[in-house]
Amino acid sequence: MTATTAPLAALALGDDALVLSHRLGEWAGHAPVLEEEVALANIALDLLGQARVLLSMAGDEDELAYLREERAFRNLQLVEQPNGDFAHTIARQLYFSTYQRLLYGQLAAGKTRFAGLAAKAVKEVAYHQDHAEQWTLRLGDGTDESHQRMDRACAALWRFTGEMFQPVDGLDGVDREELRTAWEESVGQVLGRATLTVPEGPRTGAWTAGAGRQGVHTEPFGRMLAEMQHLHRSHPGASW
Amino acid sequence: MATTAHRTARTREDDRTDGRSDEDVLASAYETAFDAAVAADERIEPRDWMPDAYRSTLVRQIAQHAHSEIIGMQPEANWITRAPSLRRKAILMAKVQDEAGHGLYLYSAAETLGTSREELLDKLHSGRQKYSSIFNYPTLTWADVGAIGWLVDGAAITNQVPLCRCSYGPYARAMVRICKEESFHQRQGYELLLTLSRGTPEQHAMAQDAVDRWWWPSLMMFGPPDDESQHSAQSMAWKIKRHSNDELRQRFVDICVPQAESLGLTLPDPELRWNEERGHYDFGPIDWSEFKQVLKGNGPCNEQRMSRRRRAHEEGAWVREAAAAYATKHNGAETTSAGETSAGDTAAGRTGTAHTGETGVRRA
């Protein structure tokens, strides 16, 4: 790993955590039960903590979060997808947390500069994955309505999952093939237990897989950034 | 509580065979035991006998306190997605999460009195139970987040610290935990305002504007003046309440004035001045007509707060139903109600003080 590629990987992982944390923060005050207010905020906080460590590896966390434009963000398109209903939020979390847990597991065992962060974060991520799994089971194997909603959500987000297995500069030590196989096995198993079917169809969006990592995003993302960055940008140079 | 009189009353009840005619005797023996326990500063616990009115007053007060935590998430959550730095965003998210946790403690405390969270939420949603009037004011700028921390949480703490010695055990114990977190939030709010006050002229003006808008509503949080307070006398006799509304309000003003000075901000009251003779700050008249309007539902955000809360509950119904259906299929007889008992528990079980996230910002 060279010094020039390292910041890119830190940005990619940091942006994933930052953007998903923001989306989860949008749930505050809207969750279906109070316990979920606590749980979703907790996951959002864990991810924000990870984002701050990762972005700080690449530069100043606030400059990177608040002063980059859409085309400079390197997050997966999956994490920028709007919350939708609770099923969409859970499907997005299941797909992402399973990926993040496997990826961080590999990074924790490796020798890159991410090993330390990954070793700590993987414990949090295991909880996120468990939470998403528990809800996938309940929604999939709950009522007819919840089954249908969960089924739709899993299918709608499926096309954003291919991106997770594309190469990321600076994460050269990661065995992407192993990551992909383990992810498919884990997600497939949970969906099966939840009486849901693994979606069919290509796992790429209208753009080629890997677009988010190259700064090509989906339309809702720009609006999300506008809201997130507005106040910071309105007061150039101010401290908060 | 286990006074001799109380035990005697119990024994006599157990010995009765004919029941009815001595009911009054027993009730008064229980009442004497209850009064003695309260007088001796003992804690009343869920299984203890208590007057019906004591029980219903507590249910009302604890429920409204819980509702305030839940509705109170909204004005602050309004700024989570716009927080101007990642550090502030983490602090705000942790705070709103704490409020949901406080709501949970308080609903549990209320449940020890024989009600249920569902029933209480239903009363909130139908407008039969209230929440604190302060949360009907809008958060218009980022500085409002600081003003809420400093003034609103400050007023809440002034009100709530004495509740840690409240005669009802479960409520008192919930308040001990809640007050610790609240004072942490209050310090964070103060520090946020201090940063703004010492920042750019625009930031300073933003802080001053927020304090100007939140000062009087915060003073109203202590409730009507003593001579108009409906429940005060009885609540004080039962040691649910330890100080009068006006006493607590005065205490709050006395604390805030020097804090405002060190913040470099002014309080919007031309009559505010130190009274040497009383040893307190004098302050101007409160606009009680505004307070009454807000309580009646005519505040700036009453409609918005309630409709959002109802919508969250209604839109979440299918999720709670799914969790209940899943529990029925997989846990058989253990099933109770709704999502509150299944995945929600798994998820929330790891939260709160037991959760020591490695990389996230943690609260004290």
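How many nonpolar, polar and charged residues does the lining of the largest cavity have? By class there are four nonpolar, four polar and three charged residues, where Ala, Val, Leu, Ile, Met, Phe, Trp, Tyr, Cys and Pro count as nonpolar, Asp, Glu, Lys and Arg as charged, and the others, including Gly, as polar.

The model is predicted, with local features needing pLDDT of at least 70 and side-chain atom pairs pLDDT 80 or more, while totals for chains, interfaces and linings use all residues; side-chain values use heavy atoms, without hydrogens and water. Residues are numbered from 1 along each chain as its sequence is written, and chains are lettered from A, ligands numbered from 1, in the order in which they are written.

The search found five cavities of 30 Å³ or more (a cavity is a set of points on a 1 Å grid over the protein atoms alone where a 1.4 Å probe fits but cannot get out, and lining residues have an atom within 4 Å of a point; volume is the space filled by probe spheres set on points joined across faces, edges and corners).

The largest cavity, of about 90 Å³, has Glu76(B), Arg88(B) and His185(B) among its lining residues. Helix 5 (86-111), helix 7 (143-160) and helix 8 (169-197) of chain B each give at least two lining residues (helices are DSSP runs of H or I, at least four residues, numbered from the N terminus).

The second largest cavity has a volume of about 70 Å³. Of its 13 lining residues, Leu24(A), Gly25(A), Ala28(A), Glu37(A) and Ala41(A) lie nearest its centre. Helix 1 (6-25) and helix 2 (34-58) of chain A, together with helix 5 of chain B, supply two or more residues each, and helix 2 of chain A gives the largest share, four residues. This lining divides into nine nonpolar, two polar and two charged residues.

Key. 1 Å grid on protein atoms, 1.4 Å probe; cavity = no way out; pocket = protein on both sides within 12 Å on 5 of 7 lines; lining within 4 Å.
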